[in-house]
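Dear colleague,

Here is the structure I said I would pass on. My notes on it follow below.

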Amino acid sequence: MNEQNLIQLAYEAADDKRAEDIVVLDMKGISLIADYFLICHGNSDKQVQAIAREIKEKADEFGLTVKRLEGFDEARWVLVDLGDVVAHIFHKEERSYYNLERLWGDATFVDMKSEHKA
């Protein structure tokens, strides 16, 4: 699976669980961690966990390995490492506190809405 398909899979999985304010940052040349960051939030611990679980399950369906899943039990900031794509799923309050979009302000925003299947 190429990285475009991988980011689309993560985006759609987050969207399916009604993640809010889904943002994709192109991190190529900016971070050695991943080529893309997907950032979103949920409004409750259960929703944050559901979003993370959905991303993991969709990856599993395609035979992809989740390299790391961190913060799931606390459900304040869950990180799902898919290799070229790292999903950051925040609880609403934590997202505004950490503000990764501003921290990685040099990154280009990727418009997933035009590619997202309605």
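**Strand pairing and overall fold**

Asp 26 stands opposite Thr 108 in E6. In E2, Tyr 36 is the bridge partner of Asp 26.

This is a predicted model, in which local features need pLDDT of at least 70 and side-chain atom pairs count only at pLDDT 80 or more, while totals for chains, interfaces and linings use all residues. Residues are numbered from 1 along each chain as its sequence is written, and side-chain values use heavy atoms, with hydrogens and water left out.

E1 (residues 20-26) pairs with E2 (residues 36-42) in the antiparallel sense over five bridges. E1 also pairs with E6 (residues 108-110), again antiparallel, over three bridges. Pairing requires at least two DSSP bridges between the strands.

The protein chain has four helices and six strands, taken as DSSP runs (helices H or I, at least four residues; strands E, at least two) and numbered from the N terminus. The order from the N terminus is α-β-β-α-β-β-β-α-α-β.

The radius of gyration of the protein chain is 13 Å, which agrees with the value near 13 Å for a compact globule of 118 residues; it is taken over C-alpha atoms, and the globule rule is 2.2 Å times the number of residues to the power 0.38. The C-alpha trace spans about 35 × 30 × 30 Å along its principal axes.

Of the 118 residues, 45% count as buried (under 20% relative accessible area, 1.4 Å probe, protein chains only). Among contacts (heavy atoms within 4.5 Å) with a separation of 6 or more, 59% come from residues 24 or more positions apart.

Regards

Key:
Buried means under 20% relative accessible area, exposed over 50%, partly exposed in between (1.4 Å probe, protein chains only).
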